[in-house]
Amino acid sequence: MAQREIGPAGWSNQQGQAQGENASATHDQSLAQREFRRAILEHMPASTTAALRVRGLRKSYKDVVAIDGLELEVRPGECFGLLGPNGAGKTTTIEICEGLTRADSGEVEVLGMHWDSHAGPLRQRLGIQLQETQLSDKLTVFETLRLFRSFYRQGPEVSEVIALVQLEEKAKSRVGSLSGGQKQRLALACALVGDPEFLFLDEPTTGLDPQARRQLWDLIEQFKRTRRRTILLTTHYMEEAERLCDRVAIMDHGKVIALGTPRELIASIGIEHLVEFSAGEALDASALARIEGIRDVRIENGNILMQVTALHRAVPALLDELGRQGVPLTELRTHSASLEDVFVALTGRHLRDD
Amino acid sequence: MTEASHRDHPLVQLTLMRFREFWREPEALFWTFAFPIILAVALGIAFRNRPAEVLKVAAVTPELAQALRQEKQLDVQQFSAAAGAEALRTGKVALLAEPGPGGTAVYRYDDTNPEGRAARMLADAAVQRAAGRVDPVPARDQILREPGSRYIDFLIPGLLGLGMMSNAVWLTSFAIVDARRKNLMKRLVATPMPRQYYLLSFLLSRLFLLFVEVGVTLGFGALVFGVPVRGSLLDLAALCVLASFSFCALGLLLASRARTIEGVSGLMNLTQVPMWIFSGVFFSAQRFPDAVQPLIKALPLTAVIDALRTNMLQGGSLAQVAPQVGVLGAWLIVCFGLALKLFRWR
């Protein structure tokens, strides 16, 4: 088969082609942005500007309520994260939005369209990565992507997508021989092969080692930077949500319990830093609460956990106090408040059991 | 170059996927191609150089034994009455000849057993001739053992049909349940892939392998046993393609809901085992009672085997097997239509 010449910097989409095949990367990018806005104005009813709108969504499996009156709105061009522990209803939610699962009740509008009436056009415009898909082990990376590419009317060349997810060296390898991270990058490539306006990623890095996870984050960030397309992703890794998402909805028991940018969410719990330490049993914990900048002293698993506003003043004061009491310090950790702490503050539980 | 001209067709890519998945699985290849040959060799050897049937009979008196030995198709032993009765009861002999009162002869045999009835006729003729009967019409035997009318000639079309059914049903059902189990089907459904193409790809991918499969079986039959193909090869190919499509459609239907290999295996056995028995693979389906013949003829395996035998052994044209073609076509349309309707796409 004749392969078309690969355009510069990855993508040459249909809009790009209409304006000239070999547009420069920056031109492509700004063009894509303009085209995207135009597309929104043209294709969406005047009343809606959301890429995804979910209202009053409910779904039960037998006697388990998976989604309990969920409301969501994802803006065009943003990366929106659904963060929550396993069983919070994230996958059910995203699969309903993807048109793969039917809701019991509620309304879902994707790119201004409904699944009942516009499944065909929607499928052309969405890129989907499922939580667990075993692609055929017997096919090569190239063959797999060529298969997926054949389903879409427009999109980049197969070799461009392979380059985008950095699998060039594995293009001729069987899928069965790939590592977990490589498989996940291939799954991402399968989602990108139709040049989607809206990308759905369900737990894209679950089960990957830290290095593979970081590599995938880089790829998703790169896609965000260059394409400015809408992304909805689910995750139970707070680092992932903090790093990739413009806005995050924290989910628990099938409901959104908090919504905002990662920064807003962290600020909302009024904690800046956390200090955790272990000391001898003779410690008088009540004295700690009187130190300036230290609030909410708790004992968790034998460790002392404190919320701290001014780290540079509180830590020396803490060390002074321990010295005064003559208690030996065996462990000391500090970290800035994260989405994990937001979840703990809201539910009293941790995102992950491990 | 425009987008449309270089774009791969989804049906081609899906078919290629099916083909590659199969071709790159060495075990599947082995069983698909080796199994019909192994079976043909085993059965061919079992039935090939078998001498003309010799029936074992017993006689109670030396006179009767002497008379019976004049018949070359009988293997005669002399027993005491008790031992003879025992041999008859246990099936060691097909008939026991005893002297009756007043110079008569008594034949004891099971008249529901064809061997018993054949032995009765041969034994009586031998006894009558020994007693001096002269046949009024002289007769002469002409033995017919030419290619086309032996058991192996009957068997090869049967095995061909059986192989096409097993391969189509098994490979199709297995691949579908596997894709469902691995979430691959759900992933494909999340793309704009036209769903009927997914199902059609199973039918088309069979074509690649069908020619190899049929070629191997027919070539083996022709080279080793001299099994003829007297009809048109084109007709034969058309029959095989139609049959394969019908069996694939049956496989699609069987796998349309199942989520596990175990679940679909049960359904496959439920549909295939009756056909192994009733469709005349190893022996003629005519042996079953008339009342069930219409049902047997409506089975797809019966239809394809009948049509293959008509083509290969009698040199019949497609027009002569129109009823069988109709049966296969009906199975194809009904199964594919139902599969499309019932299919669980996740």
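A residue is termed buried if 20 or more other C-beta atoms lie within 10 Å of its own, exposed if 12 or fewer do, and partly exposed in between, with C-beta atoms placed from the backbone. By that criterion E203(A) is buried, with 22 other C-beta atoms within 10 Å. The structure is a predicted model, in which local features need pLDDT of at least 70, side-chain atom pairs count only at pLDDT 80 or more, and totals for chains, interfaces and linings use all residues. Residues are numbered from 1 along each chain as its sequence is written, while chains are lettered from A and ligands numbered from 1 in the order in which they are written.

**Overall architecture**

- Chain A comprises 13 helices and 13 strands, where helices (H or I, at least four residues) and strands (E, at least two) are DSSP runs numbered from the N terminus.
- Of the 354 residues of chain A, 41% are buried.
- In chain A, 69% of the contacts between residues at least 6 apart in sequence join residues at least 24 apart; two residues are in contact if their C-beta atoms, placed from the backbone, lie within 7 Å.
- Chain A divides into domain 1 (52-266) and domain 2 (271-336), with bounds that come from an automatic or database domain assignment.
- The C-alpha centres of domain 1 of chain A and domain 2 of chain A are 41 Å apart.
- Chain B contains 14 helices and four strands.
- Chain B is more spread out than a compact globule, because its radius of gyration of 27 Å is well over the 20 Å that the globule rule gives for 346 residues. The radius is taken over C-alpha atoms, and the rule is 2.2 Å times the number of residues to the power 0.38.
- The C-alpha trace of chain B spans about 100 × 40 × 40 Å along its principal axes.
- Buried residues account for 40% of the 346 residues in chain B, and 73% of the contacts in chain B with a separation of 6 or more involve residues 24 or more positions apart.

**Strand pairing in chain B**

- Strand β1 (residues 55-59) of chain B runs parallel to strand β3 (residues 95-99) of chain B, and three bridges join them; strands pair if DSSP finds at least two bridges between them.
- A59(B) has A97(B) in β3(B) as its bridge partner.
- Five bridges connect β3(B) to strand β4 (residues 105-109) of chain B in the antiparallel sense, and L96(B) stands opposite R108(B) in β4(B).
- β3(B) and β4(B) make a hairpin with five residues between them, and G102(B) in the turn has a positive phi of about 70°.

**Nonpolar cores**

- The largest nonpolar core has 162 residues, and those with the most contacts inside it are A189(A), I250(A), A249(B), L252(B) and V304(B). Helix α7 (residues 151-181) of chain B supplies the largest share of this core, 17 residues.
- A nonpolar core is a set of buried Ala, Val, Leu, Ile, Met, Phe, Trp, Tyr and Cys residues joined through C-beta atoms within 7 Å.
- A249(B) touches W331(B), L332(B), C335(B), F336(B) and A339(B), residues up to four places away in sequence not being counted.
- A second, separate core of 20 residues includes L74(B), A97(B), A123(B) and A126(B).

**Surroundings of A339(B)**

- A339(B) belongs to helix α14 (residues 322-342) of chain B and counts as buried because it has 23 C-beta neighbours inside 10 Å.
- Apart from neighbours within four places in sequence, A339(B) is in contact with L199(B), A249(B), L252(B), L253(B) and S256(B).
- A339(B) and S256(B) lie 83 residues apart in sequence, with a C-alpha to C-alpha distance of 5.8 Å.

**Contact between the chains**

- Chain A contributes 26 residues to the contact and chain B 25 residues.
- On the side of chain A that touches chain B, the elements giving two or more residues are α4 (115-125) and α5 (141-149) of chain A; the largest share, five residues, comes from α5(A).
- By class, this side of chain A has ten nonpolar, eight polar and eight charged residues. Ala, Val, Leu, Ile, Met, Phe, Trp, Tyr, Cys and Pro count as nonpolar, Asp, Glu, Lys and Arg as charged, and the others, Gly among them, as polar.

**Positive phi values in chain A**

- L111(A), a residue other than glycine, has a positive phi near 50°. L111(A) is located in the loop between β4 (105-110) and α4 of chain A and is buried, with 21 C-beta neighbours inside 10 Å.
- E203(A) has a positive phi of about 50° although it is not a glycine, and sits in the loop between β6 (198-202) and α8 (210-227) of chain A.
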